[in-house]
Amino acid sequence: MRQNLFLCMLLFGGIAIVNGQQRKIDYVNPMVGTKSMGHTFPGACAPFGLVQLSPDTDMIPHNIDGIYQAGAYQYCAGYQYDDETIVGFSHTHFNGTGHSDLGDILLMPMTGDLKLDKGSEDNPGSGYRSRFSHEDEKAEAGYYAVLLDDYDILAEVTASERVGVHRYTFPEGTKTGHVIVDLDYGIYHYDGKVLMANLRVEDPYTLTGYRITRGWSRMNYTHFAVKFSKPIINYGARNSEKVLYNGFWRKFDMTENFPEMFGKHLTAYFDFDFTDGEPLEVQVALSPVDCLGAMKNLEAETMGKSFDTIRMLTQQKWEKELSCIDFDADEETKFVFYTSLYHTMINPSVYQDVDGRYRGIDHNIHQAEEGETNYTVFSVWDTFRAQHPLMTLIKPARSSQFVNSMLHHYRQSVHKALPVWSHMGNENWCMIGYHSTSVVTDAIVKGLDIDRELALEACVNSSNLDYYDGIAEYRKQGYVPLERSSSAASITLEYSYDDWTIQQLARLMQNNNLSDEYARRALNYRNIFDPALGFARPKLEDGTFKKEFDLLDTHGQGFIEGNTWNYSFFVPHDVNGLMTQMGGEKQFVRRLDSLFTMDLPARYFANTEDINEEGLMGNYVHGNEPSHHVSYLYRWTDEPWKAESRLHEIMRRMYRNSVDGLSGNDDCGQMSAWYIFSAMGFYPVCPGSDQYVIGSPKTKQAVIQLENGKEFIVRTKNYSEKNIYVKSLTFNGQRYEKSFLTHADILNGGEILFEMSSKPNKNSSGYDKPYSFTH
């Protein structure tokens, strides 16, 4: 008998009214981005929490015998909307990445004959996975529920920061039910990823254990503690590895009712009595430190609280976090906006126990100072652009903690370098650049209380790590040679920008020698611009440009996640200088126009995992980050109104309230942060400066509730889907003729009024232009 409970318990839907206002969380749709390229997960988490408890629909290994499996990519978040089965519910997930890891500590309830294999999509009955239907699935901020069809079990999950909480309602008449705990499951799994797993039955209600994996995080320690609401009546385990030495443990039958389980391929089961008709609640606490820390986390956050209470508390936390912006627009746009805001607040994630202990990048256990919280998951190549600047604007207290966590990373690093891409106490070195310098500088320029001396030291050392990605050659020759890296041109452009951020920090601290040195390095982008083409082009060690150069291709051309048409515009710190390299302003505008309108033949992206037609507008690639600022570059020209139509086309085409509503990987909130800024009408084109370049808002009114107690209001007059052009600007009641706002403008509170029109205001070419390093 199917559980009719699902509809009567869950589909209460609709928009709730609290104190006369609609709740922000009712405009969050966690299903957005779960189909195709978004790589988001639909499950439950608290804001910036360590736990992301979510269903996983398949496990395609990253490699088999060292050979990459292409199907793994679509399971970076463990879930794909088109799948018809659920393997189980694991406790750690990334939001929207294009490479992956995690999927730690998977649980799955089941009835009937015990099965310890996962089964397959083609033959789910061969394992413990279950079929499901989207009609019997519900996702909210902090809550997820689904009916497992094969077992008629209603599975619900919620989470606090460090504890995942499950509630399993078994079908009426069930006598004995099982819960599988699979410690051999993982995202981007491969044979040998689990270095060791341990599980202990401490008493009939309590488990503890750990799992150590070697994946993208080279050594990830996940300790856990589990509390069941019912006593275990029977249990057992299977370790499917071939153990060459078992010592005197051979005295025991460790497969059944033995309280200590151990192995690299460990799957356990636990049986419970359901004759009382009550659901089973399971609390699973995680710790990066040890099992004692996991138990303390459980005791502090969820012990003694019911599932419904924890769900309510977590949703209250989400409501509080999302209420930093009151955004008024049509219903569809509000769903896109608040879902985007939600996605910006999943990562970075707390990586610290309630007692302040955490595992550092050196794998030693550190004690955070009082009032300090350590964070992990820094996808910096993506998030330096808008996600971190957004947090610095709307969550400065938390942003300070992010930056301090980066500085702790630097102090603990044997390389004496800031994070490149770090998670779970490990540097994984993914992508390029040393963009933590941007995050650190941007925070300091915008007034956050950061140790400036340590910050400058960390930035300088990070930029001089000679054995990292061509830095030695870059310092010597002023560019990264193609022989040194297949992404040499991209790296040179990004190092040049990062060096400008260090110059800004040195100048702020009145360190003239460093400021002069990094001012020179900030212009290194010029060294790879081919004057015959006006495009960036990789150079060889001998100083000549690469021959046989295809401007539309990414692969084999010295670039990564973008061709030279897109990447050549990545000089956000020196747009005027960039115009000169491209042949002047008129040629620059023609290039921008062509980028958005030209045809990019399918052969240039047909074999690219991380982009498809969904993320393209002409040759402009919104599905990858290097181009996110490009629309705003029109503001430096005498045709600034062209930015407005491009921005609205991107917002309309690339962001929707649907399962396929993201045009590319959300990348730990960067894709979503672009939308938040752009829908409010301004964007941090060049983090490290104090300017936000003005765009064209997609709102009736947006009110930012600043942490200093003031409000900054964005209001529009005559806005509609056709009236997308800015006719005039008024700031605090005075006519405003600048193409940018400063951070201080916003922090001081006030109102900017956009009067909108269906026709461009060509007089806006006389507005003050945004910052450029050279003039």
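This section describes a helix pair, the nonpolar cores and selected backbone features of a predicted model.

The packing of two helices is described by the angle between their axes together with the distance between those axes. For helix H11 (residues 488-508) and helix H12 (residues 512-521), the axes come within 8 Å and cross at roughly 160°. Because angles over 145 degrees count as roughly antiparallel, H11 is roughly antiparallel to H12. The crossing of H11 and H12 is left-handed. On the side of H11, the contact is formed by Ser496, Asp499, Ile502, Gln503, Ala506 and Arg507, which meet Leu514, Ser515, Tyr518, Ala519 and Arg521 of H12. By residue class, the contact of H11 with H12 comprises 5 nonpolar, 3 polar and 3 charged residues.

The largest nonpolar core of the model contains 223 residues. Within this core, the residues with the most contacts are Phe89, Phe270, Leu341 and Phe682. H11 supplies the largest share of the core, namely 10 residues. When residues up to four places away in sequence are not counted, Leu341 touches Leu322, Cys324, Ile325, Leu390, Ile394 and Ile676. Another core, of 8 residues, lies apart from the largest one and includes Tyr143, Ala285, Phe307 and Ile310.

The peptide bond between Asn347 and Pro348 is cis, with an omega of about -5°. Pro348 is located in the loop that runs between helix H4 (331-343) and strand E24 (349-350).

Positive phi values in residues other than glycine are found at Leu102, where phi is near 75°, and at Glu548, where phi is about 50°. Leu102 belongs to the loop between strand E8 (88-90) and strand E9 (106-110), whereas Glu548 lies in the loop between strand E31 (535-536) and helix H13 (564-567).

Note on methods:
Residues numbered from 1 in each chain as written. Predicted model: local features only at pLDDT ≥ 70, side-chain atom pairs only at ≥ 80, totals over all residues. Heavy atoms only, no water. Axes fitted to C-alpha atoms, helices over the stretch in contact; angles between N-to-C directions. Helix = DSSP H or I, 4+ residues; strand = E, 2+ residues; numbered from the N terminus. Parallel < 35°, antiparallel > 145°, perpendicular 65-115°, else oblique. Left-handed = near helix turned anticlockwise from the far one by under 90°. Contact = heavy atoms within 4.5 Å. Nonpolar A, V, L, I, M, F, W, Y, C, P; charged D, E, K, R; others polar. Core = buried A, V, L, I, M, F, W, Y, C linked by side-chain atoms within 4.5 Å. Buried < 20%, exposed > 50% of the residue type's maximum accessible area, 1.4 Å probe, protein only.
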